[in-house]
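Reader: I am new to this structure. Please walk me through it.

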There are 2 protein chains.
Amino acid sequence: MSDGLKMSRRIRRTPYTNRIEKAGVRGFSVVNHMLLPKAFKPTVEESYWHLRNHVQIWDVSCQRQVEIKGPDAERLIQCMTPRDIGASKIGQCLYITITDVDGGIINDPVLLKLAEDHFWLSIADSDVLLYAKGLSIGMGLDVSVEEPDVSPLAIQGPKAEDLLAKIFGKRICDIGFFKFGWIEFAGTKQLIARSGYSRQGGFEIYLNGSHLGEPLWDMIWETGQTFNISPGCPNLIERIEGGLFSYGNEMTRENNPLEMGLGKYCKLDGSIDFLGLKSLQKIVSNGIKRQIRGVLFEGGRCTTCSIPWPIMVGDKKVGDISSAIWSPRLEANVGLAMIDRDFWNVGQIVSVQMPENNIANGEIVELPF
Amino acid sequence: MSDGLKMSRRIRRTPYTNRIEKAGVRGFSVVNHMLLPKAFKPTVEESYWHLRNHVQIWDVSCQRQVEIKGPDAERLIQCMTPRDIGASKIGQCLYITITDVDGGIINDPVLLKLAEDHFWLSIADSDVLLYAKGLSIGMGLDVSVEEPDVSPLAIQGPKAEDLLAKIFGKRICDIGFFKFGWIEFAGTKQLIARSGYSRQGGFEIYLNGSHLGEPLWDMIWETGQTFNISPGCPNLIERIEGGLFSYGNEMTRENNPLEMGLGKYCKLDGSIDFLGLKSLQKIVSNGIKRQIRGVLFEGGRCTTCSIPWPIMVGDKKVGDISSAIWSPRLEANVGLAMIDRDFWNVGQIVSVQMPENNIANGEIVELPF
């Protein structure tokens, strides 16, 4: 079942892994030193159509929480991000980038504000905990930085709301997009957010307490039968079509938030102070040199993009594709790519250089596809 | 070949991955967001005997380097480790732990001193780069913290020295254990250390320059034919027998260096200052509560230990096994375990609780096995 990935304690199982295995998982990835299920249905395409039409249950425990708590919590977080978090309210989720002094992206978590002095960073694949610890120790801040026993479970797809309302009551329908509320489960209060790594709608339950993982899974699974629930995972076709980025794929420390089209989340007028402010101001004043775009390209079903694929205009390399897959809906390959300024306009004709001299024609398109 | 692990750019390929695939790799792990080959020969036992008798070439690029350079380099590193690095010399490798304020282990890298103000930390599986960056920014140190394009290639086994002497000349024989020197390759100077993650002897070439990966592999591979060279990887049987620890398996942030038997590498007399000094002093004065030990146990060939296995004395849980495997040499299972003080004496009879109610008799033994 998982011949290709060698297991050990270091690659942490989740509270749901036993259920995932019973559900017939066919492959994993590793994110934040933890298993992320990556394949269930015979094909990613079947799973894609199911996600668009029904409801899926995803083990996204690897979205680990970095809990920042204490009098200096807000100060520490603001120092790490160009987004103005001062106006955020309790119960709000904020998509932020965490940046280095040079403006390079260290992570792109979702920030959850639990109280004025209490936050969770729901992280992508890098040890934000260590960065936050280092900063707080070095700056002598009065704050604790820990990883709580919280393992998000995502319920995604158009039937997610009906399913969860049936289990937890109609009150969850009042939760707005990128807001969170609380549900009762097994005598505990659990955080539920209207969010998730798809464009099909749904919720994420930030389960606090590993021992509750299997009962929670089972309850949703059983009630989900009448909604045609299926086990699933972030779907590569759906995420690329939806223009959802993946840290480590579309962006690394070599990229800044402006290149990722996240200028609207960067407060650069000096009204807030954060690491990287000066660098980002300089990048803006010099002009952004490249930016993320969609690429729609031919050449039949492309293979897995595990190294960047050069994008050419004539003999000139103008960018790289970082993630790509065949879209059964668009009947073409869809890719996410960082493209040089002179060539990033929608409609620009390009060619994509895949491995083994496989070259395909394509064009730059808007995101989402 | 790697059905179980879903590939993407985020899980970085190495300069040797093409060669590894050609050599018939049968599985990977992921360390530091990078592929680590984990299986070649039909069985880990065949590979074990080969490693003990011949020579193997290992892609250990995932041992990423955190380069710390500048006037405050030594100060930053000393602040992260309880080992006294003040007396270390250029050309020396030092095994160190990096600790948190509470004494918890954040990583256990090898420190290489390239110059008085220039170090590499050859890291285990956690983003030390982010911890070091956070600390240096927070403390306002004059130092750069980067990941250079360095990808270690290990040559391990009793024939490693003869093979490398044939290629790079007899001078490599003068390099002492845990020391490094320099070799010429393709017009470049490359660092070579007498070190590696086995007890069978050998070297690690810290190749600087990904474009040189395949030529270096090919040169060693071709000359290696007369030495019966084989592709390999850290061998679980050999590493457990040898008492070599794996960060994330035997130790996490929940453990301190004293529990890992690394008291000799902790300078706690106040002559050096580091994060965690007070915590470690307190742990010593209170008495160490548990420590790493070997466990030799029956029950036939054990399965993969991917969650800690409880160790019992009667009805009392006295520890956990974190890594275990069948040893064909000892004809028993060998495990590494954290054991409570009252039960850690050699000869203590225990029972090991494996999954599915598989209980085996065992005893505490010295490391290495």
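Reader: How is chain A divided into domains?
Author: This is a predicted model. Chain A has domain 1 (17-60 + 150-240), domain 2 (65-146) and domain 3 (289-369). The bounds come from an automatic or database domain assignment.

Reader: What makes up the contact between domain 1 and domain 2 of chain A?
Author: 9 residues of domain 1 of chain A are in contact with 9 residues of domain 2 of chain A. On the domain 1 side, 6 are nonpolar, 2 polar and 1 charged. The centres of the two domains, taken over C-alpha atoms, are separated by 25 Å.

Reader: Why is Val313(B) called partly exposed?
Author: Val313(B) has 17 other C-beta atoms within 10 Å. Buried needs 20 or more, and exposed means 12 or fewer. The value 17 falls in between, so Val313(B) is partly exposed.

Reader: Where does Val313(B) lie, and which residues does Val313(B) touch?
Author: Val313(B) is in strand β17 (residues 309-313) of chain B. Leaving out residues up to four places away in sequence, Val313(B) touches Val318(B), Phe343(B) and Val350(B).

Reader: What relates chain A to chain B?
Author: A rotation of 180° superposes chain A on chain B, with 0.0 Å of shift along the axis and an RMSD of 0.0 Å. The two copies are therefore related as by a two-fold rotation axis.

Reader: How do you know that the copies meet through the same surface?
Author: 100% of the interface residues of chain A are also interface residues in chain B, so the surface is the same.

Key:
Residues numbered from 1 in each chain as written. Chains lettered and ligands numbered in written order. Predicted model: local features only at pLDDT ≥ 70, side-chain atom pairs only at ≥ 80, totals over all residues. Helix = DSSP H or I, 4+ residues; strand = E, 2+ residues; numbered from the N terminus. Contact = placed C-beta atoms within 7 Å. Least-squares fit on C-alpha atoms with pLDDT ≥ 70 in both. Nonpolar A, V, L, I, M, F, W, Y, C, P; charged D, E, K, R; others polar.
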